[in-house]
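Please find below a short note for a student who is new to reading structures.

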Amino acid sequence: MMSNAKISQVVFWISVVIIFVGFMENINELRYDIMIPLIAIGWVLHFTYSNHKIDSQSTKSFILLSGIIALIALPSLLKIYPHVHNLIKYTYYSFTVGMIVKLFSVYSTFVFLKGDTDKLERMIKYVLILNLSMFFIQFIIVFPTGIYIDPLKLITGESSRYGSDIFVPLIGNIYRCTGFYEEPSTYAGFIVVLLASKLYLNPKVDKLVILSALSIILSFSVAAIVYGLIIIGYFLLRSKASYLKYILFLLSPLLVAAIAAIAIQRLTSLGGDAQDIRSNLNDMVFSQQLPVLIFGNGALGIMSAAAHVMNTTGAIFRLGIASLNDNGMWLFFIIKFGFFGLATITAYLFFKSKSLLNRIMFLVIFLTKLSFLYFGFIFYLFLVFNNKAVLEEPENDAESEIE
């Protein structure tokens, strides 16, 4: 018979695996073949050592967020203008159940850890470590050898998009490592979410945080380079005065120029097509009628000009536009819920986040190519909704890491 302490440890590691696998968006439904049995085991073990107690705060958050999910899709279901239901295969049931299943998976881990913020932070740190380990193994091996370790191909049969068509003298080919994801921008986006979650619970800028931010830049996704530099720049500004800090500031123009050169070369290597389809997406979104721009197309709708293709082939690129979340989560919010929806979620996160660091991090999340429908964002939203932010101190001990 295992002791309560050992059962608690088992449940903790089950929670780590649930969140780690949940974030692996590119393996699609396969995630739930792993997660659902683990969640079931976790609940059984939880009741064996918790005296049948369930964290009340997390339960309240789960019920409230589930209700909000059910409510925000109702205008689309009822076709209350300007919300529409023009995605035939995407029903009210599939939206609400899909979102609530993800929410329940997140909620389960909070219950398993009894709402303990220290354990939650430690869980997030282990998920970060797993992702960073794969990224840096890929990075260290592929640059000198050209051999790329691709776990996604092993799991799904689909290759990651790690090539870049960029060649730099003295370095050679530039590879864009993807970790456990299909694209470097997806990897960078989920690292941002995990980083934001970790810093929300503990604003200490430690070595793991710095490595995470560096990996975002080293993914060499053009957008990730921009928001990676924003994050690193803030860390440097907040750090204590030191010789290393001054040296980095002196070298920063050179470092920024080198990274910018790689980003520009990446954009050039893509030709005009990549930028054109992103620009076309903006044009299609902002050419909609004013009520649609204000309130969006709804949870079950998209722009009418793209609905037919999405309902038939799904090959939206044939319309000459990028994927709906390619220009950033902020635009996807506008497509679904308009400027009103974007302003509402921004205002809520702004006031709930309390500190400048947390506000920068959630704004950076909005710049990523992630969808707010993804498990990772639901995890972050639940965390913020359920927990109070731990604020930075004027002279945080963590700042001594950048010395």
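**Note on the structure**

1. Ile34 is partly exposed, with a relative accessible area of 36%; partly exposed lies between buried (under 20% relative accessible area) and exposed (over 50%), with a 1.4 Å probe and protein chains only. Ile34 is found in helix H2. Helices (H or I, at least four residues) and strands (E, at least two) are DSSP runs, numbered from the N terminus.

2. The model is predicted: local features need pLDDT of at least 70, side-chain atom pairs count only at pLDDT 80 or more, and totals for chains, interfaces and linings use all residues. Residues are numbered from 1 along each chain as its sequence is written, and side-chain values use heavy atoms, leaving out hydrogens and water.

3. Helix H10 covers residues 222-238. Its 17 residues should span 24 Å at 1.5 Å a residue, the expected span being 1.5 Å times one less than the number of residues. The end C-alpha atoms are 25 Å apart, which agrees.

4. Which residues of H10 are buried? They are Ala224, Ile225, Tyr227, Gly228, Ile231, Ile232, Tyr234, Phe235 and Leu236. As background, an α-helix has 3.6 residues a turn, so residues three or four places apart point the same way.

5. For the chain as a whole, there are 17 helices and two strands. Buried residues make up 52% of its 403 residues. Of the contacts (heavy atoms within 4.5 Å) between residues at least 6 apart in sequence, 76% join residues at least 24 apart.
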